[in-house]
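Look at the structure below, then read the points by topic.

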Amino acid sequence: MKIVLIGPPGAGKGVYAQYFRDKYCIPHISTGDIFREEISKNTELGKRIKSYVEQGLLVPDEITIEVVKRRLEQPDTLNGFILDGFPRTLNQAKALDEITSIDAAIHLVVSEEVAVKRLSGRVICPVCGRVYNLYYEPKPKFDEQCDYDGAKLMRRKDDEPEVVKQRYRVFYDTFAPILEYYKNTSRLIEVNADKSIKEITPLLERILIENKILKLKPCREVKLE
Ligand code: AMP
């Protein structure tokens with residue numbers, strides 16, 4: 001199963017990628033995670049990309065494509081992988097097709113309203129780093145207080161409603177040509193992801209099986225919270 005996950009902020013990409021990674025033992029490859037790790041280890045690559053990532057700018061295609069190419073040569077990708085955060089340009093999408101054959105691009109469709117509610121409800125404990133949501137589980141037991149240490153929960157600056165709306169619009173401006181590219185090559189699968197993770201996960205799994213994209217046997221049982 002070689003898939004690309006595409007979805008605006010708040011679509012739950014990370015949650016679904018983790019589920020398939022754990023259940024089918026295939027890697028979840030996030031270019032953002034790879035870049036952050038290289039930066040924290042201060043590697044040669046990390047030094048080259050630091051200023052782009054810190055400013056929220058796209059790392060140049062030639063670097064990003066090379067990183068993904070090398071990652072996809074690793075033996076753990078043999079049975080498949082879930083790409084997250086790549087491709088982010090049309091050029092990257094075309095380059096990816098030269099590196100390997102992608103079965104499908106899964107577009108997790110969420111409305112702007114739901115994305116804003118999910119992200120603006122997300123609050124983090126500044127002391128222990130636990131993440132809660134004011135509208136969805138896990139909710140804090142007491143209003144805006146960490147269950148464990150009682151610290152006042154904080155909202156990330158980029159999760160403020162107005163900023164989320166902006167991020168949502170920028171996402172669709174950026175991804176429109178990529179969605180079009182996968183649509184034109186008959187590999188785009190759109191899944192309405194407005195509902196809860198518990199409802200969407202089995203639906204997504206069924207769609208992947210029915211489309212003969214997911215043919216792997218589970219390597220372990222994964223319970224949905
Ligand atoms: P993310 O965690 O996916 O939001 O990525 C964090 C940052 O890494 C982005 O703001 C970019 O600076 C960089 N990045 C991640 N993926 C790509 C990509 N496919 N192309 C270029 N830059 C990327």
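Glu144 sits in the loop between β6 and α7. The model is a predicted one. The points below start with the backbone around such loop residues, then turn to the ligand and to the aromatic side chains.

- Glu144 is not a glycine, yet its phi is positive, near 55°.
- With a relative accessibility of 40%, Cys25 is partly exposed.

**Cis peptide bonds**

- Phe86 and Pro87 are joined by a cis peptide bond, with omega at about 0°.
- Pro87 belongs to the loop between β3 (81-84) and α5 (90-99).
- Glu137 and Pro138 are also linked by a cis peptide bond, and here omega is about -5°.
- Pro138 is in the loop between β6 (131-133) and α7, and Glu144 lies in the loop between β6 and α7 as well.

**Surroundings of the ligand**

- How many residues surround the ligand? There are 15, and the closest are Thr31, Arg36, Leu57, Gly85 and Gln92.
- Sorted by class, the shell contains 7 nonpolar, 6 polar and 2 charged residues.
- Helix α2 supplies the largest share of the shell, with 4 residues.

- The side chain of Thr31 has an N or O atom 2.8 Å from a nitrogen atom of the ligand.
- Arg88 places a polar side-chain atom 3.1 Å from a nitrogen atom of the ligand.
- On its own the ligand has 480 Å² of accessible area, and the protein covers 83% of this.
- Two elements, α2 (31-40) and α3 (44-54), are the ones that give two or more residues to the shell around the ligand.

**Aromatic side chains**

- The model has 6 aromatic pairs.
- Phe171 and Phe175 have ring centres 4.4 Å apart and ring planes at 20°; planes under 30 degrees apart count as stacked, so this pair is stacked.
- Phe171 and Phe175 both belong to helix α7 (residues 161-184), and because they are 4 residues apart there, about one helical turn separates them.
- Phe171 has a relative accessible area of 9% and is buried; Phe175 also has 9% and is buried.
- Are the rings of Tyr181 and Tyr182 stacked or edge-to-face? Their centres are 5.5 Å apart and their planes stand at 70°, which is over 60 degrees, so the pair is edge-to-face.
- Tyr181 is buried, at 18% relative accessible area, and Tyr182 is buried too, at 0% relative accessibility.
- One aromatic cluster is made of Tyr168, Phe171, Tyr172 and Phe175, which includes the stacked pair of Phe171 and Phe175.

**A charge over a ring**

- Arg130 lies over the face of the Tyr148 ring, 3.4 Å from the ring centre.

Notes. Residues are numbered from 1 along each chain as its sequence is written. This is a predicted model: local features need pLDDT of at least 70, side-chain atom pairs count only at pLDDT 80 or more; totals for chains, interfaces and linings use all residues. Side-chain values use heavy atoms; hydrogens and water are left out. A residue is near a molecule or strand if one of its heavy atoms lies within 4 Å of it. A polar contact is a pair of N or O atoms within 3.5 Å; within protein, one must be able to donate a hydrogen and the other to accept it, and residues adjacent in sequence count only if both atoms are side-chain atoms. Accessible areas come from the Shrake-Rupley method with a 1.4 Å probe; for residues, only the protein chains shown count as cover. Ala, Val, Leu, Ile, Met, Phe, Trp, Tyr, Cys and Pro count as nonpolar, Asp, Glu, Lys and Arg as charged, and the others, Gly among them, as polar. Rings of Phe, Tyr and Trp (its six-membered ring) pair if their centres lie within 6.5 Å; planes under 30 degrees apart count as stacked, over 60 as edge-to-face and the rest as tilted. Buried means under 20% relative accessible area, exposed over 50%, partly exposed in between (1.4 Å probe, protein chains only). A charge sits over a ring if NZ of Lys or CZ of Arg is within 6 Å of the ring centre and within 35 degrees of the ring normal.
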